[in-house]
Amino acid sequence: YFISWFKSMIKLKNAHLQFKVASRLDQLEGEWFLDSPVPFFFNPGYLKALSESTPLGISFLYGIVYKGNQKVALFCFQTFYFDAEQRLKLHTHENQAGAYLDKIAVAIKKYVARKVSMKVIVAGTLMAPGPYGFLFQNELDISDRQLIIQQLAAYFLKAGEEDFGVNMFIVKDLPQAERLKGLCAYRFPSFYEFTIQPTMVLNLNTEWSSLEDYMADLQSKYRVKTRKVIKLGEGLVEEAMNRDSFQAYKTVVFELYQQVSVAAGFNLIELHPDYFQTLLDRCADNFGLKIIFYQSKPIAFYSYILDGDVFQAHFIGYERSLNNNLELYHNILLKLLQTALNVGAREINFARTALQIKSSVGAEPQDLYCYIAHKSKIINSVVPHILEFLKPKDNWVQRRPFKELKLVVNPLLKS
């Protein structure tokens, strides 16, 4: 990895497109803006905080795209060396029926995973779900957006090591309304569209101002369950952190985060120990972190980002040995909900993983679409099959906890 890297200007294949790119945001000082609103994950304050507490093995590329003399897009890429065997935590469940076949399947997956290792660019952030790789001018049409992505991908896939060439290019997490299926039509690079786990989103009723309001809209069995969870967590006390108060808990919070992270089946990032402290230092207006105490001992925490009126649940951690007795994870979801109501959010993005329990509090799955291309046409042709083979399976049942709306028919309208 490089220490500092800057290129200005680079012409793309399309004669009207050119871009500049840097490994440090301060190399683009004064230029990192568009007429369009800038979301939190493109905000210079957050990007600088992330660069000061970089996740293990991650590097950054920041760029500006011009069409003629007009600035039309910003991009933010995260680059890393992907080792599938290291990133995929493949395991068997000894007590399940068919464990022998399960072991064989895992052994095959591990063998294939050993063959999958390469340098990758992700157009987006590995820190949260969502489309945070490119920020386009609002008036830029879909065909221009696809062309910019395709030509930037072609540049980095063809570039040499000295120009930060990579083996694979991934566009991460576009919502349904922003899908770019035309990316799959190019000859090089030919992208493959795929999805992983959906992100779980709860739209907040404007009539809710407290958990009691929320529970009034739950079906009876879910309301009973929620009250039981809250009762089990009666001894939990939460405390909001600021940059000064957090310093005493920085180490224990990171240890709690690691307990959850290590248990995940697929993990592309490992946070820097100073990540939360740096966000509290630099992004206090948008970032919050609360520690949960039990019998005066810190046993859990949750963090969140407020991006406009969207409440983004961020990283959490908890003492796994206490989870069942105190319903820690479920209580964390409810505390996130209460905090979102307190700040007047319109929706909560609970992110990925633990889909079933998140649906039990009312979150709905929203698919996000990713696009992937490899520099080798031969490898690219088998990428879809490798992805499907290595993708962790997550069987879950969606819960629908809210009361159904009953339509009242005016008797005068009956035939």
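Which strand gives the most to the lining of the second largest pocket? In this predicted model, local features need pLDDT of at least 70 and side-chain atom pairs count only at pLDDT 80 or more, while totals for chains, interfaces and linings use all residues. Residues are numbered from 1 along each chain as its sequence is written, and side-chain values use heavy atoms, with hydrogens and water left out.

The answer is E7, with four residues, where strands (E, at least two residues) and helices (H or I, at least four) are DSSP runs numbered from the N terminus. A pocket is an open set of points on a 1 Å grid over the protein atoms alone, where a 1.4 Å probe fits and protein lies on both sides within 12 Å along at least five of seven lines, and its lining residues have an atom within 4 Å of a point. The second largest pocket is lined by 37 residues, among which Gly130, Pro131, Tyr132, Pro175 and Glu178 lie nearest its centre. Besides strand E7 (168-175), the elements that each supply at least two lining residues include helix H4 (142-158), strand E9 (199-203) and strand E13 (310-318).

Strands E9 and E13 also belong to an open sheet of seven strands with mixed pairing, in the order E10-E11-E12-E13-E14-E9-E15, two strands being paired if DSSP finds at least two bridges between them. The edge strands, each pairing on one side only, are E10 (236-240) and E15 (364-366). Within this sheet, strand E12 (residues 297-307) pairs with E13 in the antiparallel sense over seven bridges, and Leu306 has Phe311 in E13 as its bridge partner.
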